[in-house]
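Here is a short note for a colleague opening this structure for the first time. Please keep the sequence and the 3D view side by side while reading.

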Amino acid sequence: MNSACLRLALTPGEPAGIGPDLCVQLAQLGSEHQLIAIADPNLLQTRAQLLGLPLSLIPLDHSQPAQATPPGHLWIEPVSLAAKVEPGKLDVLNAQYVLETLTIAGKGCLEHRFDALITAPVHKGIINDAGIEFSGHTEFLEALTLSPKVVMMLATEGLRVALATTHLPLREVADAITPRLLTDILEVLLQDLRQRFALEHPRVLVAGLNPHAGEGGHLGREEIDVIIPVLERFRAEGAQLIGPLPADTLFNEKYLSQADAVLAMYHDQGLPVLKYKGFGRAVNITLGMPIIRTSVDHGTALDLAGTGQADAGSLITALNCAIEMALASTH
């Protein structure tokens with residue numbers, strides 16, 4: 001593979017959503033890297049016609065060196081839909097198709113045929129309606145890559161936020177914040193900031209769990225009993241961890257200007273700030289896997305599919321982030 005030209009796998013996600021639209025829009029820009037859609041070619045051609053945009057699909061030949069992608073083109077590794085797609089209308093018959101595209105792309109990354117995977121949004125509900133247990137991209141790829149622990153991190157210009165817990169009911173979060181969990185999360189976060197983002201000595205701001213970071217134990221003891229002892233162990237080994245800090249004051253320039261990432265304790269502690277700052281220009285990154293995977297920061301937007309109103313900004317950000325990570329990676 002040409003080291004100056006990356007092979008990047010692109011999965012359009014739910015075929016009735018805006019994922020195919022975004023892929024067609026992305027193709028208009030071209031790239032100095034090889035953008036490879038793992039998808040049904042007829043789906044992409046039909047959506048391009050609906051949007052009034054030019055699209056030429058080039059069959060992928062793995063025996064040839066990676067090549068740049070001309071504007072209006074995508075390379076294609078074909079996967080067939082099970083049923084015809086109507087934009088905006090979900091069909092359980094195509095659930096397996098979505099997972100097949102992810103499997104092909106993920107295995108291709110594991111086998112070093114692709115340098116990174118960029119995913120457009122899937123619809124969890126329709127996959128489960130098809131009788132397939134599915135909780136999301138992250139968990140699916142975690143199992144596919146046999147990764148012991150993955151970490152969700154979202155990023156936009158000037159801010160990276162990783163999560164200690166993800167999709168948990170709020171009443172379960174405190175019990176989930178254990179020394180083992182925080183240790184695992186911090187190990188993955190620090191390692192990937194070094195290896196995937198070329199940050200030799202990453203500085204991480206760590207949020208407390210409780211208001212005012214527990215107020216010395218008067219508003220909860222998780223900081224004293226769990227978070228601080230874990231941070232102290234990492235600091236003794238040279239890690240630059242600041243906190244636990246009150247989440248209501250952590251997200252200001254005084255702290256952020258001196259940090260490479262923030263570790264929030266739960267989903268709605270860290271992500272509202274990030275999405276306020278950069279929604280539509282943010283990227284979802286899965287850390288802790290042997291492959292690079294980035295994704296958009298939004299859902300399938302069924303009502304916008306095929307209308308030409310979908311904004312490709314987040315997919316472009318996800319692509320650029322994947323390129324940055326692949327070029328910086330020590331793997």
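Predicted model: local features only at pLDDT ≥ 70, side-chain atom pairs only at ≥ 80, totals over all residues.

1. **Strand 5 and its partners.** Start at strand 5, residues 116-119. Strand 5 pairs with strand 1 in the parallel sense, over four bridges. Strand 5 also runs parallel to strand 12, joined to it by three bridges. Leu117 can be followed in both directions. Leu117 is the bridge partner of Ala9, and Arg293 in strand 12 is the bridge partner of Leu117. Strands of a sheet pair through backbone hydrogen bonds, either parallel or antiparallel.

2. **The two faces of strand 5.** In a regular strand the side chains alternate between the two faces of the sheet. Here, Ala116 and Ile118 point one way, while Leu117 and Thr119 point the other way. Are these residues buried or exposed? All of them are buried.

3. **Strands 11 and 12.** Strand 11 covers residues 283-287 and strand 12 covers residues 293-295. In what sense do they pair? The pairing is antiparallel, over three bridges. Asn284 stands opposite Ser295 of strand 12.

4. **Helix 3 against helix 5.** Look at helix 3 (residues 95-110) and helix 5 (residues 137-144). Their axes come within 10 Å and cross at roughly 50°. That angle makes helix 3 oblique to helix 5. The crossing of the two is right-handed. On the helix 3 side, the contact involves Leu99, Leu102, Thr103, Gly106, Lys107 and Leu110. They meet His137, Phe140, Leu141 and Leu144 of helix 5. By class, this contact has six nonpolar, three polar and one charged residues.

5. **Helix 7 against helix 8.** Helix 7 and helix 8 pack at about 40°, with axes 10 Å apart. They are therefore oblique to each other. Helix 7 passes helix 8 in a right-handed crossing. Helix 7 contributes Pro179, Leu182, Thr183, Leu186, Glu187 and Leu190 to the contact. Helix 8 contributes Val226, Ile227, Val230, Leu231, Arg233 and Phe234. By class, the contact of helix 7 with helix 8 has nine nonpolar, one polar and two charged residues.

6. **Ala213.** Where is Ala213 placed? Ala213 sits in the loop between strand 8 (203-207) and helix 8 (222-236). Ala213 is buried, because its relative accessible area is 14%, and the limit for buried is under 20%. Leaving aside residues up to four places away in sequence, Ala213 touches Gly208, Glu223, Pro244, Leu245 and Pro246. Ala213 and Gly88 are 125 residues apart in sequence and 44 Å apart in space, C-alpha to C-alpha.

7. **Backbone points to check.** Most residues other than glycine have a negative phi, and most peptide bonds are trans.
   - Gly243 and Pro244 are joined by a cis peptide bond, with omega about 5°. Pro244 lies in strand 9.
   - Ala198 has a positive phi, near 55°. Ala198 is in the loop between helix 7 (179-197) and strand 8. Ala198 is exposed, with a relative accessible area of 54%.
   - Glu215 has a positive phi of about 50°. Glu215 is in the loop between strand 8 and helix 8. Glu215 counts as partly exposed, at 41% relative accessibility.

Notes. Residues numbered from 1 in each chain as written. Heavy atoms only, no water. Axes fitted to C-alpha atoms, helices over the stretch in contact; angles between N-to-C directions. Parallel < 35°, antiparallel > 145°, perpendicular 65-115°, else oblique. Left-handed = near helix turned anticlockwise from the far one by under 90°. Contact = heavy atoms within 4.5 Å. Nonpolar A, V, L, I, M, F, W, Y, C, P; charged D, E, K, R; others polar. Buried < 20%, exposed > 50% of the residue type's maximum accessible area, 1.4 Å probe, protein only. Pairing = 2+ DSSP bridges.
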